[in-house]
Amino acid sequence: MANQVSAHEFQKITNAEPDQDGLIECAVVPLRGLVIFPNVISPISTRNPKALSAIQSALHQRHTVIGVAQRDPSINDVQPKDLYEIGTELALSRIIRTGDDSRSVLAQGRRRVEIVEVIQQTPHIVVRARPLADTRVNDHSRNEFMPRVLHLVQRLAELNPALPEDVIDHILDVDDPELLSDFVSSALMLPLEERQGLLEIRSAQERLQQVADLLSHEINVLELRDEINSQVQQEMDRSQREMYLREQMRVIQSELGENDIFQQEINEVREQIFKAKLPQDIHEKAMKELSRLLMMPPMAPEVGIIRTYLDWLVGLPWSNQSEDNLDVIHAQKVLDADHYGLPKVKDRILEYIAVRKLAASKMKSPILCFVGPPGVGKTSLGKSIARALGREFIRVSLGGVRDEAEIRGHRRTYIGAMPGRILQTMRRAGTTNPVFILDEIDKLGMDFRGDPASALLEVLDPEQNNAFSDHYLEVPYDLSKVLFITTANDLDPVPPALLDRLEIIEFSGYTDEEKLAISRKFLIPNQLEAHGLLESKIRFETTALRSIIREYTYEGGVRNLNREIANVCRKIARLIAEDKPIPNSINRKKVVEFLGPPLFTNRLAHKHDTVGLVTGLVWTYDGGDISMIEVSVLPGKGNLLMTGQLGEVMQESAQAALSYMRSRANDFDVPSDDFENYDVHIHLPEGAIPKEGPSAGITLAVAIISAFTERKVRSNYAMTGEITLRGKILAVGGVKEKVLAARRAGIKNVLLPSENKKDLIDIPAEVVEDLNIAFVSDMQQVIDRVLLSPPPEGRKRDKERQEEEKDEKNGENLETASKE
């Protein structure tokens with residue numbers, strides 16, 4: 001089907017017209033390791049600037065080009081002298097991007113040409129060439145060679161199952177000698193020189209004879225390979241039979257006591273010790289344990305313990321070290337190819353490689369800690385770092401680990417004792433300098449069996465880990481060459497002593513624009529390939545991706561986004577399997593059809609100015625979010641009521657905010673009696689979710705002041721900041737996530753503490769430009785911006801108080817009149 005479509009496209013492009021000298025003028029596309037024959041359709045993949053320029057020029061002018069093979073495929077800056085003289089005039093289809101700087105185009109060979117003159121070399125090569133006509137095959141040669149070639153093709157297909165069946169069928173249906181020779185030449189796996197030689201043969205009869213000879217040679221090679229394989233199989237069968245007989249003989253000899261198997265094992269262990277190239281002190285320890293083994297009877301209980309110990313000792317990598325690739329440019333390309341954005345962590349890794357290149361012997365490996373929401377690429381970036389350095393990659397998940405022995409191992413006195421996870425994983429790596437990921441370090445537990453976090457102090461301390469001691473081995477092991485990378489979602493559970501040894505690198509949640517870019521560059525191509533949909537050319541519209549990001553996922557990373565894109569791809573794959581029509585592009589309507597109703601409604605702020613209702617900004621594990629804070633003033637006895645699962649720190653912030661309000665009651669024209677006669681109820685919706693932290697201080701203060709003064713709060717403002725009793729505003733964390741949350745909710749005005757001005761550097765420029773961010777250092781600045789003027793008719797509570805006083809006075813007057 002693809003060939004039919006391509007052929008239809010090629011029909012629109014005509015061959016170049018010869019001039020009066022019989023020459024044609026065309027651009028040249030240098031072919032690296034490729035020869036294209038006439039009447040054959042073949043893809044061309046290139047990143048050569050001259051080739052790309054020639055292709056783009058030809059596609060723009062709908063002209064043909066001349067494809068000529070390079071004499072040396074390793075040359076990048078191709079000159080005319082680097083090309084063969086004979087090539088093929090080609091018609092091209094549309095160009096396709098296949099990588100960062102690589103393009104692919106489908107080409108159809110038209111006719112052989114001979115380059116006569118070069119008339120241009122930049123920006124691409126242009127030549128004059130003479131079309132070469134094939135000499136026709138006479139009937140006698142046709143009847144002699146064609147049946148022979150077709151028979152050889154059938155025999156080759158029988159011997160080589162890797163040849164595509166449709167290609168063989170197409171060749172067998174050809175009845176033209178010229179076409180047959182070109183088709184078979186294209187299908188054969190020949191060296192470049194031989195393929196070029198076939199292209200340069202002008203006589204179709206001679207070319208057909210040459211093809212027959214090459215087919216015969218290829219068939220002879222394949223038949224010889226089959227014969228060798230058959231002999232190898234027979235030898236393997238014989239070896240297996242011999243092994244079976246020898247095993248029987250060994251058992252019989254063992255029963256008769258004719259040999260000492262235990263001594264054989266001792267000899268094997270001794271040989272392994274000498275091959276392991278252990279350090280001197282470790283070698284002496286191993287030989288000492290071997291001596292103990294020699295003095296024990298074979299059936300002694302400790303034999304198995306010592307044997308296992310020696311296996312672990314010689315199985316660890318003591319001197320095998322992988323060679324680092326210290327090419328900074330290569331590392332940059334690998335990191336950029338695997339991950340989008342993340343400039344800080346990439347710069348840190350490139351700096352490490354640069355210093356290793358300049359002072360490898362003096363530098364100690366850093367202990368990095370990647371901190372960020374789930375799904376932002378912390379663990380996968382570790383794999384990319386290992387690939388960039390050319391090191392082995394190993395990973396240990398620490399989530400739920402509660403036993404110190406998981407890190408340091410058990411002592412050999414215990415039955416079933418083993419080394420800890422650190423050394424187990426090092427043995428699996430096989431080198432002394434792998435990239436070692438300690439995943440989910442913030443999920444470590446602690447119970448009566450010990451504290452694993454404390455056991456990690458030695459592992460993750462560059463001053464100590466050159467002599468790490470495992471309880472099982474009881475010998476020092478050098479971990480100083482290992483590049484340790486830990487990951488965590490939150491640093492609060494990590495003990496301070498352990499945190500002090502880590503170099504923290506924060507991974508912020510991705511913006512919507514970054515998620516769109518990651519989807520188009522990584523997620524969608526990977527899922528289309530995984531579901532066999534690359535040829536369907538399905539396109540995800542921006543509206544569809546934004547819908548999936550905002551309505552079907554709620555995360556700082558892209559893990560669920562990738563999952564939902566895979567869900568859409570599965571639906572399309574099923575439609576294809578059921579022979580039903582599929583959409584060319586996925587829009588928001590198709591997303592709802594495939595994924596169902598949105599799982600997350602857009603968290604938009606309230607749209608009307610309201611008394612006692614303020615929009616706050618909060619940080620969560622999944623990134624940032626907005627939170628509504630409601631305050632109501634009710635008749636009571638001056639109590640403060642807080643609901644919505646507020647933590648201790650947030651409750652203290654609410655009390656500080658209320659104290660600030662009381663200290664400035666006169667400035668706000670609020671009678672002091674109000675604090676004794678009314679209760680204050682503070683509520684944060686979504687009561688099932690715990691809330692904690694001091695950053696809601698100014699939000700709580702604004703809501704309390706608004707409730708007491710009955711001044712409405714502007715709905716188009718969101719804020720964050722810690723408050724003091726005197727109204728000073730202190731810095732908070734998670735500024736980037738909070739600002740992104742405000743933008744996502746459609747809020748244009750954001751208030752931040754003045755001390756957080758430095759954090760704007762981490763926020764994308766397009767987000768800063770899209771918002772009106774104001775910095776405040778005092779609560780009065782917040783009040784002036786956010787609160788509207790007092791109601792002109794006065795507070796309702798004042799009117800109610802006046803009505804009550806009036807009623808009391810009237811009652812007293814009536815009582816006095818009745819007494820008189």
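## Close-up views of a predicted model

**View 1. Helix α5 is largely enclosed by the rest of the structure, because eight of its 11 residues are buried.** The helix spans residues 177-187, and the structure shown here and in the other views is a predicted model. The buried residues of α5 are Pro 177, Glu 178, Leu 180, Ser 181, Asp 182, Phe 183, Val 184 and Ser 185.

**View 2. Helix α11 has a buried face and a face turned away from it.** In this helix, residues 328-338, the side chains to look for are Ala 331, Val 334 and Leu 335, which are buried. Seen down the axis of α11, the buried residues fall within an arc of 95°, so they line one face of the helix. An α-helix has 3.6 residues a turn, so residues three or four places apart point the same way. On the face turned away from the buried side are Ile 329 and Lys 333, both exposed. The cover over the buried residues of α11 includes α12 (343-359) and α13 (378-389). At the N-terminal end, Asp 327 caps the helix, with a side-chain oxygen 3.1 Å from the backbone nitrogen of Ile 329.

**View 3. Strand β6 pairs with β1 and with β5.** Strand β6 covers residues 126-132 and is mostly covered, with five of its seven residues buried. Strand β1 (residues 24-31) runs antiparallel to β6 and is joined to it by four bridges. Five residues lie between β5 and β6, which form a hairpin.

**View 4. Five strands form an open sheet with parallel pairing.** Their order across the sheet is β8-β9-β12-β7-β13. At the edges stand β8 (393-397) and β13 (503-506); each has a single partner strand, so one side of each is left without a neighbour in the sheet. From one strand to the next, the twist averages 25°. Within the sheet, β7 (residues 367-371) and β12 (residues 483-488) run parallel and are joined by five bridges. Val 371 stands opposite Ala 488 in β12. In a regular strand the side chains alternate between the two faces of the sheet.

**View 5. The largest nonpolar core has 54 residues.** Leu 456 and Leu 460 are the residues with the most contacts inside this core. Helix α10 (residues 301-315) gives the most to the core, with seven residues. Leaving aside residues up to four places away in sequence, Leu 456 touches Leu 398, Ile 407, Leu 438, Ile 441, Leu 444 and Leu 498. A second core of 49 residues is separate and includes Ala 331, Ile 505, Ile 524 and Ile 549. Of these, Ala 331 is a buried residue of helix α11.

**View 6. Glu 289 is a buried residue in helix α9.** The helix spans residues 280-294. Glu 289 counts as buried because its relative accessibility is 3%, and buried means under 20%. Apart from residues up to four places away in sequence, Glu 289 touches Ile 306, Tyr 309, Leu 310 and Arg 412.

Definitions and conventions: Residues numbered from 1 in each chain as written. Predicted model: local features only at pLDDT ≥ 70, side-chain atom pairs only at ≥ 80, totals over all residues. Heavy atoms only, no water. Helix = DSSP H or I, 4+ residues; strand = E, 2+ residues; numbered from the N terminus. Buried < 20%, exposed > 50% of the residue type's maximum accessible area, 1.4 Å probe, protein only. Contact = heavy atoms within 4.5 Å. Pairing = 2+ DSSP bridges. Axes fitted to C-alpha atoms, helices over the stretch in contact; angles between N-to-C directions. Arc of directions from axis to C-beta. Polar contact = N/O pair within 3.5 Å; in protein donor to acceptor, adjacent residues only side chain to side chain. Core = buried A, V, L, I, M, F, W, Y, C linked by side-chain atoms within 4.5 Å.
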